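Dear colleague,

Please find below the structure that I am handing over to you. My notes on it follow.

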Amino acid sequence: MFGSELEEGVFRRRLMKEVVPGRPVHFSFYSPSVKVQVMPDAESIPGANGRYIGDAVTIEFVPEDAAAVERVREFVWRWERHNEWTAVRKINHLRRGVCPESVEGILERVRGVDRRAAAKAAEAVGPEELRELISEGDVKNLSRLPGMGEKRARAVISFYENERSGRRFLYAANRNDRFRGRPVITELDLDGDIEEQVWEHALRAQRLGDPDPLSGGEPPGHTTVRDANLLHPLPMTPVLMGRGVYHPEQVEIFADVLRRVLVEGERLAGVENLRIQRGLIFHTTRMPGVGTKTRNRVLASGLLDSEYTYENLILIPGITEAQARTIARAAREAERRTGARVS
């Protein structure tokens, strides 16, 4: 499964170092079957924000504390042991065992520069000299390195220019990678009305999937915030979830957090600041007699998690008295455990 025991040891050490509280870790799969198989487990790891991002088979984890860190590590090794496809993955977007500060680490982040080309370039240039060529935009000398060429050199220069730029994009892709059309991309004007821009983007993103929360089709687009390279979501920014429908307060909260992070420079830390979704109780608690359709009816009702009371739930069409009591009871128990208030 691994190339060698040495490579496995290097990856284990990187995993132990990189999975720390409050820091996003991106875990990429390369099999659609694995993606569907692990989705529920990734989203219900206690104390960690597990979410699928973009149009890649990638889960972003943000562990909240030391216990959640261990759970994320266990999750990674569980799927490493039980499925061959997870042998190929990236932690923080780099090939396992590669130092991000090395020549290979700098070059392999760029789409179009493969492992072989990066290894050849590393024989002729050091990390500091490479960074200088990139910062100066020296395409001519960069293209002369072994394994590079003009096309790859321009891709590298363009990639790192985008990394340094302040351009930010909303990127919506369907949750399960089966698009109804191309991904929806919106460049944010940080001097304009962010909430208005988010609303326009959300309306377009909904067309990527079936907006009916009770249908068997794909849900609407799942929106993340990206830089000018559009390759990976920005760390520690929120995600606009598209489980069934977009609710007004969901978009408002998302836009408010974007303004605080991108305009005011606030740095978020912790799962609760990243998780903008409703119905968390359905992912953390087993409730007999409450299935997927019942969950979707509750989500589509517009109730906030703090409003899951019997009186509110029984008013939702299609919810039985027994189901309303079960959900309300689970919400009260969760309130006692976490201290969250159920109105």
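Histidine 201 is part of helix H9, which spans residues 194-205. Please bear in mind throughout that this is a predicted model. The relative accessible area of histidine 201 is 0%, so this residue counts as buried. Its side chain is joined to that of threonine 186 by a polar contact of 2.9 Å. When neighbours within four places in sequence are left aside, the residues in contact with histidine 201 are Leu170, Tyr171, Ala172, Val184, Thr186 and Thr223.

Threonine 224 belongs to strand S8, residues 221-226. With a relative accessible area of 1%, threonine 224 is buried, because the cut-off for that class is under 20%. Threonine 224 and phenylalanine 169 are separated by 55 residues in sequence, yet their C-alpha atoms are 8.3 Å apart in space.

**The nonpolar cores**

The largest nonpolar core contains 22 residues. Those with the most contacts inside this core are Leu107, Val113, Leu130, Leu142, Met148, Val156 and Tyr160. Two or more residues each come from helices H4 (103-108), H5 (115-122), H6 (127-136), H7 (139-143) and H8 (149-164). Of these, H8 gives the most, with 5 residues. Leucine 142 illustrates the packing: not counting residues up to four places away in sequence, leucine 142 touches Leu130, Leu133, Met148, Ala153, Val156 and Ile157. There is also a second, separate core, of 17 residues, which includes Met287, Val290, Leu303 and Ile327.

Leaving aside neighbours within four places in sequence, asparagine 162 is in contact with Ala228 and Asn229.

The count of aromatic pairs comes to 2. Phenylalanine 159 and tyrosine 160 form an edge-to-face pair, with 4.9 Å from centre to centre and 75 degrees between the planes. Both phenylalanine 159 and tyrosine 160 are buried, and Tyr160 is among the residues with the most contacts inside the largest nonpolar core.

**Helix H13**

Helix H13 covers residues 292-301, and its buried residues are Thr294, Asn296, Val298 and Leu299. Glycine 302 follows H13 and has a positive phi, near 90 degrees.

**The chain as a whole**

The secondary structure comprises 15 helices and 8 strands. The chain has 343 residues, of which 49% count as buried. Among contacts between residues at least 6 apart in sequence, 62% join residues at least 24 apart.

With kind regards

Methods. Residues are numbered from 1 along each chain as its sequence is written. This is a predicted model: local features need pLDDT of at least 70, side-chain atom pairs count only at pLDDT 80 or more; totals for chains, interfaces and linings use all residues. Side-chain values use heavy atoms; hydrogens and water are left out. Rings of Phe, Tyr and Trp (its six-membered ring) pair if their centres lie within 6.5 Å; planes under 30 degrees apart count as stacked, over 60 as edge-to-face and the rest as tilted. Buried means under 20% relative accessible area, exposed over 50%, partly exposed in between (1.4 Å probe, protein chains only). Helices (H or I, at least four residues) and strands (E, at least two) are DSSP runs, numbered from the N terminus. A polar contact is a pair of N or O atoms within 3.5 Å; within protein, one must be able to donate a hydrogen and the other to accept it, and residues adjacent in sequence count only if both atoms are side-chain atoms. Contact means heavy atoms within 4.5 Å. A nonpolar core is a set of buried Ala, Val, Leu, Ile, Met, Phe, Trp, Tyr and Cys residues joined through side-chain atoms within 4.5 Å.
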